[in-house]
Amino acid sequence: MNVHIGSFLLTMVLAGCGGTSSEGRSLSDLDTTTPDNMDGWYKPTIATTWQLQLQGSINTGYAVELYDIDLFDTPKQTIIDLHAAAQKVICYFSGGTHENWRSDASQFTATDIGNNLSNWEGESWLDIRSTEVRAIMLARLDLAVSKGCDGVDVDNMDGYSYDSGFALTADDQLVYNRFIANAAHERRLSVGLKNDLAQIDELVDDFDFSVNESCFDYEECDLLTPFIQQGKPVLQVEYKQEYVSDTTDRASLCAQSLDIGFSTLILPQELDDSFRFHCR
């Protein structure tokens, strides 16, 4: 994966990983601020530092530019507090699955709920062609606006590639993903592409960043580089135990991550801030 990023990474000559303390990336020569743009929504840069926590009381003590936190479970006051500290907030929700514990779960009709996701109790694929599903997703985007989120991290955007219980096509997925991206932008929300690596070339223009899980573990990070080539960040997470327990493996991972311009975290799969390592 020898991807040359040119001027984006000339100053990223740091190496190694940090522990669970505050983010310490030295980026004095690299612009980490939101660029001026005519669109009116937040656009993170390649050098964006970030934290991802979806469970538990949010640890707001990291000196990062961006927090990725749960849309439903995070109190509005937490977002207000993060903004007061000059930090941006991306709010997570699933755009492609029904989660039976969510407050709006009863709004989905039975015909729009498909097969269960493997290893994820209480979660099932949705028929993304459904007008009712899309209406619920628009309401979730409106909730993100009302809570003050700067953007959204929309999960499970690749149901067409699984046994969802519906005859979804690649074109169905492209149409739906662009529907989500356009609706977010209409609300002046930044939007990230989650999953759907096979369609990145078609979708990179529509999204502002990518959130990825385990591309190093699965040896598929090269599929994400179109975001970097457009100056858009890849916010990346690894969960492999070796990266936690073996400092040599972790240093190798971080060297690869820095080389291709990703912003990589090593976190527990529970995403509960029980530990955190970051490549810098």
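The model is predicted, so local features need pLDDT of at least 70 and side-chain atom pairs count only at pLDDT 80 or more, while totals for chains, interfaces and linings use all residues. Residues are numbered from 1 along each chain as its sequence is written, and side-chain values use heavy atoms, with hydrogens and water left out.

Seven helices and 13 strands make up the secondary structure of the chain; helices (H or I, at least four residues) and strands (E, at least two) are DSSP runs numbered from the N terminus. Of the 280 residues, 54% are buried, meaning under 20% relative accessible area with a 1.4 Å probe and protein chains only. Take the contacts (heavy atoms within 4.5 Å) between residues at least 6 apart in sequence: 63% of them join residues at least 24 apart.

Now for the helix pair. Helix H2 (residues 131–147) and helix H3 (residues 170–186) have axes that come within 10 Å and cross at roughly 30°. H2 is therefore roughly parallel to H3, the term for angles under 35 degrees. Axes here are lines fitted to C-alpha atoms, for helices over the stretch in contact, and angles run from 0 to 180 degrees between N-to-C directions. The crossing is right-handed, with the near helix turned clockwise from the far one by less than a right angle. On the H2 side, Val 133, Arg 134, Met 137, Leu 138 and Leu 141 take part, and they meet Val 175, Tyr 176, Phe 179, Ile 180, Ala 183 and Ala 184 of H3. Sorted by type, the residues of this contact come out as 10 nonpolar, no polar and one charged (Ala, Val, Leu, Ile, Met, Phe, Trp, Tyr, Cys and Pro count as nonpolar, Asp, Glu, Lys and Arg as charged, the others, Gly among them, as polar).

H2 also turns up as a partner of helix H1. Within H1 (residues 76–84), Thr 78, Ile 79 and Leu 82 are buried. They sit on the same side of H1 because they cover an arc of only 100° around the axis, taken from the directions from the helix axis to the C-beta atoms. These buried residues pack against strand E3 (66–70), strand E4 (88–94) and H2. Just after H1, Ala 86 has a positive phi of about 65°.

Lastly, Asp 208 belongs to the loop between helix H4 (200–203) and strand E10 (209–213). Asp 208 is buried, at a relative accessible area of 6%. Beyond its neighbours within four places in sequence, Asp 208 contacts Trp 41, Lys 43, His 185, Leu 189, Ser 190, Val 191, Lys 232 and Pro 233. Leu 189 is 19 residues from Asp 208 in sequence and 9.7 Å away in space, C-alpha to C-alpha.

Definitions and conventions
Angles under 35 degrees count as roughly parallel, over 145 as roughly antiparallel, 65 to 115 as roughly perpendicular and the rest as oblique. Buried means under 20% relative accessible area, exposed over 50%, partly exposed in between (1.4 Å probe, protein chains only).
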